Structures are given as structure tokens and as C-alpha cells.
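User: I am new to this structure and would like to understand the terms used to describe it. Please set each term against its definition.

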Amino acid sequence: MSFFDTLFHATEWLRTTWVVDFSLWVSNTAPCQWLQEHFVAIPGFQSIHILAIGVLFGSALMVNLRILGVAGGGHSVPETVQRYMPWLWGGLAALIATGIVLLVSEPVRNMVNPFFWIKMTALLVTVLITAWFHLAVRGRMANWDRSANGKGAIKVGAAALIILWCIVMAGGRWIAYAPV
Amino acid sequence: MILESLWHGIEYSGFGQSIASSEVAFPLIETFHVFAIVTVIGTIAIMDFRLLGLTSRKWTASSVSKDTLWLTWGAFGIAVITGLLMFVSKASTYMANPYFLVKMALIAAAGVNMALLHRGPWKAIGSWDSALAVPANVKLSATLSLIFWVIVIFCGRFIGFTLGVYQAPM
């Protein structure tokens, strides 16, 4: 069974769950109707959503590439973490806020869709790892050699986080291409 | 018109049709285009915010440029390649779409803006590298850069919603 067959069956299964009733209920709410009636609303909020990912992913790249020793060599890891992590969390807040608007704008298309749930799972995992990672790096800041890169597990984590954010973005793009 | 037959010819070339008719090619190319544009706008914003004196205030402008510029260019290269691949699959539809045309014009404007910065005030960066109060023309350049790229993102998203609205002349 191919990947797309699996997704097709996942959609069929989602159709038998509470997700259908819930998404139909959201469809009838005033915010959803407003978003549907204004042609510029959905692409407009999607654009802001993409700008928010730009802020988040740009920050994630700078921190993780610095830990990997690939970029930002002129600044120490603690300096880099202090500079970019607040922007990563701020970007995430904007991402979730616009994401909720987009969810409400097309409830059935989004929720009765395996890619949406793959994306949400990937997002949850990525955010949890990022939070753990931020705490782990912060705990080591005081005795982090100014010039050193990350070591061992932290380097693996940095590379994994870049890939995970890409999986989240890919999940978002593929919501439009769910096999039905 | 000769250009219209050119776009038509590109779209209906074997290569253009192989992308258009594949179930996964277009979404896959689009996905890498998203990775690329997100990196372009993210790294450009880091640089422009430093030039405006809003962030990275302890770091010199040249060190922020060293951190970001190669990523911006690398990602821009991927965005151009993936963009061209999408273009050949629907060339005449894109050329009839005003959002696409505005997007291309703004990318060109952003390029000219950047070239002017690097040929002008950037040459004297030694005198303002660590200053938060960078010269006014540098701030203007950073502001224009942010405006151009934000509108580029909006246009890109609106293209996908208006492909059926603006039809190419046959």
C-alpha cells in the first residue's frame, strides 16, 4: 500500500470521527463565515502566517547553525541564543495566532485532512524539543567556551530541529494536496 | 504576440507538461520553494532589523551580514530554481497574472536596492559598522528591502488564489 493510499484511508477514517461534526459546527460560526466572504482574508492571513514562519525559521537556523559551527562564528553560542530565541518564541506565537485564524477559515478542508494532523503532531514534537533544547543550552551557558560549537547530543539536536521545522512547513503546504 | 507564443511553447514543452501532469512534482517543488522563501525573508529581516538599529544591537552590521548573507543567497538560488520549475509548468497562466508580474518587478526592485546599498554606503561601512545610528540612506534601504520582500510574499500567496481568474490569451 502506497503512502497516498494510507493517507486516503486516513481521510476515510477521519470522516467517521467527531472531527466532522466539530468542523461543520465551526463552519457555521460567524468568524468562519466572515473569512469565507472576504476574498482577500484567507490568502492575506496565509501570507502573515508565512512571514511568521520566516521569523521563526530564520531564528531557528541562526541558533542551530551556530551550534553546529556552520554559521555565526563571530558570536558565541550564549550570545546567539540570547539574540534569537526570543524571536523564535515570538514567531511561534504569531504562527499559532494566524494558524488558528486559518483553521477557522476552512475548518473541514483542514481538519478532515491527514496532513493537518501530521503537521500538528510534528509541530508539537518540534516545540517540545525546542523548549527542552533551549533549557539544556541555557543550563550550560555559564561554562560554554566562547569559541566552542555544540558537542555530541546537542549537535544532533540542532540538526534534527532544522529538519523538524522543515517537516512542519511541508505538512502545511501539503494540506492542499490531501488525496480525497 | 510573439511573447505569448513563447510562454505557450514553454508551458506545452515536454518538460513543462511532465511537471504539470505529475501528481507529486508540483507540490514537491512548491514545498522546497516554501523552505527557500521562508529562509530568504527570515535572514533578510535579521539584516534589515540590524540596519534599522532594532535588533542585534551589540553586534556590528558587517558581522550580521557575514552570518546571514550566504544563507540569503543560497536560499534565493533555490527559490529561483524551484520558481522556474513551477513557471515552466504554467508559463502562460503566470504571465497573465498581475500578482506574478508585480512579484517579479518587486524582486527586481529589491535587487537594485541591495546593489545600490552595497555599491554605495556599504563601502564606507568602517565608519558606521558598530553604530546603531547608521546613515539615513542605509535605513531607507533597509526599510525598502523589508517592504519589497513582504509584498513579494503576499503576491506569491495571491498568485495561487487567482490562477483561474486571469486567463492567458490563446
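Analyst: Two residues are in contact if their C-beta atoms, placed from the backbone, lie within 7 Å. By this rule, residues 24 or more positions apart account for 84% of those contacts in chain B that have a separation of 6 or more. In chain A, among contacts between residues at least 6 apart in sequence, 84% join residues at least 24 apart. This is a predicted model, in which local features need pLDDT of at least 70 and side-chain atom pairs count only at pLDDT 80 or more, while totals for chains, interfaces and linings use all residues. Residues are numbered from 1 along each chain as its sequence is written, and chains are lettered from A and ligands numbered from 1 in the order in which they are written.

User: What makes up the secondary structure of chain B, and how many helices has chain A?

Analyst: Helices (H or I, at least four residues) and strands (E, at least two) are DSSP runs, numbered from the N terminus. On that basis chain B comes to seven helices and zero strands, in the order α-α-α-α-α-α-α. Chain A has eight helices and zero strands, and its elements run α-α-α-α-α-α-α-α from the N terminus on. The C-alpha trace spans about 55 × 30 × 25 Å along its principal axes in chain B and about 55 × 40 × 20 Å in chain A.

User: Why is K66(B) called partly exposed?

Analyst: A residue is buried if 20 or more other C-beta atoms, placed from the backbone, lie within 10 Å of its own, exposed if 12 or fewer do, and partly exposed in between. K66(B) has 16 other C-beta atoms within 10 Å, and is therefore partly exposed. This residue is found in helix α4 of chain B. Its C-alpha atom is separated by 9.8 Å from that of M47(B), 19 residues apart along the chain.

User: What makes L14(A) count as partly exposed?

Analyst: L14(A) has 19 C-beta neighbours inside 10 Å, so it counts as partly exposed. It is found in helix α1 (residues 3-14) of chain A. Leaving aside neighbours within four places in sequence, L14(A) is in contact with V19(A), V112(A) and P114(A). The C-alpha atoms of L14(A) and V112(A), 98 residues apart along the chain, are separated by 5.8 Å.

User: How many residues of each chain count as buried, as a percentage?

Analyst: Of the 170 residues of chain B, 37% count as buried. For the 180 residues of chain A, the share is 35%.

User: Which residues touch the most other members of the largest nonpolar core?

Analyst: A nonpolar core is a set of buried Ala, Val, Leu, Ile, Met, Phe, Trp, Tyr and Cys residues joined through C-beta atoms within 7 Å. The largest one has 73 residues, of which L56(A), V38(B) and I41(B) touch the most other members. Its largest share, 15 residues, comes from helix α4 (residues 41-68) of chain A. Leaving aside neighbours within four places in sequence, V38(B) is in contact with I50(A), I53(A), G54(A), F57(A) and M169(A).

User: How many residues of chain B are in contact with chain A, and which element gives the most to that side?

Analyst: In chain B, 24 residues are in contact with 23 residues of chain A. The elements giving two or more residues to this side of chain B are α3 (25-51), α4 (61-89) and α7 (136-162) of chain B. α3(B) gives the most, with 12 residues. Ala, Val, Leu, Ile, Met, Phe, Trp, Tyr, Cys and Pro count as nonpolar, Asp, Glu, Lys and Arg as charged, and the others, Gly among them, as polar. By class, this side of chain B has 14 nonpolar, six polar and four charged residues.

User: Why are α4(A) and α5(A) called roughly antiparallel?

Analyst: Axes are lines fitted to C-alpha atoms, for helices over the stretch in contact, and angles run from 0 to 180 degrees between N-to-C directions. Angles under 35 degrees count as roughly parallel, over 145 as roughly antiparallel, 65 to 115 as roughly perpendicular and the rest as oblique. α4(A) and helix α5 (residues 77-105) of chain A pack at about 155°, with axes 8 Å apart, and are therefore roughly antiparallel to each other. The residues of this contact divide into 23 nonpolar, nine polar and one charged.

User: What makes α2(B) and α4(B) roughly perpendicular?

Analyst: Helix α2 (residues 14-21) of chain B and α4(B) pack at an angle of about 95°, with their axes 7 Å apart. They are therefore roughly perpendicular to each other. F15(B), G16(B), I19(B) and A20(B) in α2(B) meet L85(B), V88(B) and S89(B) in α4(B). These residues divide into five nonpolar, two polar and no charged.
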